[in-house]
Amino acid sequence: MENIEKVHLVVEEKFYPPKEMLEECIVKDYESMYKKSIENPDEFWSEIASELYWFKKWDKILEWNFPYGKWFINGKTNITYNCLDRHVKNGKRNKVAYIYVDEEGNEKKYTYGELLEIVNKLANGLKSLGVSKGDRVSIYMPNTVEAIASMLACARIGAIHSVVFAGFSEGALKLRIDDAKAKVVITATYTKRRGKKIPLLPVVKDAVKGLDFVKNIVVWDRDSDLDEGEFDSFLVDFKKLIDNSSSECQPEIMDSEDPLFILYTSGTTGKPKGVLHTTGGYMVNTYLTTKTVFNIKEDTIYWCTADIGWITGHSYIVYGPLANATTSVIMEGVPVYPHPGIWWEYVQKYRVNVFYTAPTAIRMLMRFGEEIPARYDLSSLKILGSVGEPINPEAWLWYYKNIGREKAVVVDTWWQTETGAHMITTLPCYPAKPGKAGKPLFGVEPAIVDKEGKPLPPNTVGHLVIKRPWPSMLRTCWGEPERYEKYWKEIPGNVYSAGDLASIDEDGYIMILGRSDDVLSVAGHRIGNAEVESAIVEHPAVAEAAVIGKPNEIKGESIKAFVILKAGFIPSDKLIEEIKETVREVLGAIAVPDEIEFVDKLPKTRSGKIMRRVLRAKELGQELGDISTLED
Ligand code: WTA
């Protein structure tokens with residue numbers, strides 16, 4: 001393995017939290033709290049979980065039956081009770097849960113009391129459609145409180161939600177609805193982006209064609225565009241469903257290990273994996289990490305810019321913040337419309353204290369120049385979060401200086417759909433190093449090892465593994481236990497293999513360098529190389545395709561595809577556009593290749609596997625490395 005200084009710019013300087021931050025930190029002594037979580041996990045997790053409400057407490061913290069873990073054994077709870085009822089009963093009925101804003105500055109506030117009422121009504125509405133505990137409900141919604149209420153309504157009655165990012169195409173949506181065998185799909189007439197209405201309902205209507213197990217589409221008719229006559233026993237009106245239902249709905253008594261949601265994410269094969277999370281452990285760890293990493297206080301105003309369609313939205317727009325009774329901003333729209341200062345305008349307007357976004361957005365906004373954020377009063381900011389991909393020191397420093405004004409701390413949170421919650425991050429109470437995520441969170445025991453599982457010395461790049469189970473770990477891949485087991489069997493030593501390359505320095509700071517497997521990170525979105533390849537070959541002219549990621553200044557990685565055409569087809573710009581369109585239809589705009597090159601041959605192993613590594617090295621002008629298995 002290579003020495004990391006040779007490959008990556010490293011800033012060794014430490015950035016200390018300001019005195020005021022240290023004074024108000026919830027976690028002041030990271031080292032001793034971490035030590036307790038590792039040496040005495042039962043006591044540690046028992047104390048944290050006791051801060052939440054349980055209908056019946058657990059008998060035991062962990063049952064570890066490699067590679068299957070169960071947490072808070074026999075505990076009974078409901079996550080919505082902890083996210084809503086608990087606060088309403090504690091005098092916070094009128095506290096604002098969400099401030100929804102759109103690109104035009106339209107705003108709508110929802111208190112905890114109001115949110116509970118909507119969730120209960122919708123939960124009863126879903127029940128009236130025959131949805132019950134264990135049933136799957138797909139959610140294809142804009143980034144709005146209505147989407148959040150839909151997720152919570154499912155959790156209220158024990159239905160398993162499967163949110164599909166509303167930027168995914170009909171094909172990608174169909175695959176996910178089909179795999180989960182969803183009984184109901186909840187959607188909206190449209191989502192707003194760059195001042196335009198992007199229709200969602202037609203996509204859902206097409207996606208459910210031929211899927212007989214789907215009993216209803218529930219549609220939030222945002223502007224009452226639909227005619228009365230369009231609704232029937234299949235297409236149900238979201239607003240009516242709420243209006244006609246009672247606001248009393250007893251939360252379903254959920255076992256700690258009852259499923260909460262499925263979220264599909266990209267793996268190394270063409271088919272996405274349905275990552276399954278359960279109730280108790282996920283609830284406890286999203287609660288704890290939100291509280292400690294973002295230092296959530298009674299009056300904190302928090303804004304996570306993710307979309308609810310991704311895990312960051314699930315854990316850090318919905319469950320974690322609500323479990324902490326936080327007031328969150330949620331925005332529907334993009335960061336550059338109607339102007340590239342829109343985020344900073346809203347930070348100023350709502351006096352946001354904690355801002356959580358992705359490096360790709362920071363790099364994009366950097367391009368517009370520091371004069372843009374300089375126009376706004378950003379003095380309310382105390383914590384700046386980063387997530388989704390490695391943050392290069394240049395972007396880190398820009399964020400710290402121009403957004404945090406050297407007064408806010410930067411927390412770089414490393415985690416995954418599979419981990420459910422933050423795993424490695426800087427905490428506000430100890431110094432940060434730009435470009436390094438930081439130290440492990442509570443109960444997380446990481447290591448950097450070689451392929452055989454042997455630990456590597458400091459500052460050496462290796463595979464990032466986690467050596468013991470943690471409460472919010474994925475429990476399985478929906479319908480595909482063998483794919484779940486692979487995480488724990490990839491590298492010897494009974495460890496969870498994250499699929500990321502990393503190194504650790506003498507101070508114990510972990511630096512994440514990127515994926516070690518065939519998964520791309522494009523603008524913070526996780527996309528499998530194989531997924532894009534199988535979309536490309538759906539074009540009738542294509543015989544074979546190979547996809548690689550190329551370093552990209554803004555998006556982290558851009559997608560380049562090498563395509564072999566079938567006999568009789570001639571390369572042309574028109575074909576390039578057609579192939580791009582095919583990918584857009586099959587997967588969605590986020591997966592469309594930036595570059596397509598027609599080739600006659602692809603490098604393959606003797607067993608016929610495409611060597612993407614060789615293609616990438618060639619494209620980037622690097623040494624080809626070991627090519628002894630190359631066929632010719
Ligand atoms: C990458 C997103 C570096 C990593 C929460 C991981 C990061 C994948 C960071 C998971 C970070 C996430 N620094 N890389 N702070 N956070 N990643 O499932 O490659 O969409 O494996 O979850 O994103 O992507 P996912």
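**Backbone first, then the ligand**

Analyst: Phenylalanine 72 is found in strand E2; helices (H or I, at least four residues) and strands (E, at least two) are DSSP runs, numbered from the N terminus. Its phi is near 55 degrees, a positive value in a residue other than glycine. Bear in mind that this is a predicted model, with pLDDT of at least 70 needed for local features and 80 or more for side-chain atom pairs, while totals for chains, interfaces and linings use all residues. Numbering starts from 1 along each chain as its sequence is written, and side-chain values use heavy atoms, with hydrogens and water left out.

The peptide bond leading from phenylalanine 66 into proline 67 is cis, with omega near -5 degrees. There's a cis bond from tyrosine 337 to proline 338 as well, omega near 0 degrees; proline 338 lies in the loop between strand E17 (327-332) and helix H13 (342-350).

Now the ligand. It has 16 residues around it, the closest being Asp412, Thr417, Asp500, Arg515 and Arg526, where being near takes a heavy atom within 4 Å. Helix H12 (311-323), strand E20 (409-413) and strand E27 (510-515) each bring at least two residues to this shell. By class, you get six nonpolar, five polar and five charged residues; Ala, Val, Leu, Ile, Met, Phe, Trp, Tyr, Cys and Pro count as nonpolar, Asp, Glu, Lys and Arg as charged, and the others, Gly among them, as polar.

As for atom pairs, a side-chain N or O atom of threonine 417 is 2.5 Å from a ligand oxygen. A polar side-chain atom of arginine 526 lies 2.7 Å from an oxygen atom of the ligand, and a backbone N or O atom of threonine 413 is 2.8 Å from a ligand nitrogen. On its own the ligand exposes 520 Å², and the protein buries 94% of that (Shrake-Rupley accessible area, 1.4 Å probe).

Last, the helix packing. The axes of H3 (residues 30-39) and H4 (residues 41-49) come within 5 Å and cross at roughly 115 degrees, with axes fitted to C-alpha atoms over the stretch in contact and angles running from 0 to 180 degrees between N-to-C directions. That makes H3 roughly perpendicular to H4, a label for 65 to 115 degrees. Met33, Lys36, Ser37, Ile38 and Glu39 of H3 meet Pro41, Glu43, Phe44 and Glu47 of H4, contact being heavy atoms within 4.5 Å.

Definitions and conventions: Parallel < 35°, antiparallel > 145°, perpendicular 65-115°, else oblique. Polar contact = N/O pair within 3.5 Å; in protein donor to acceptor, adjacent residues only side chain to side chain.
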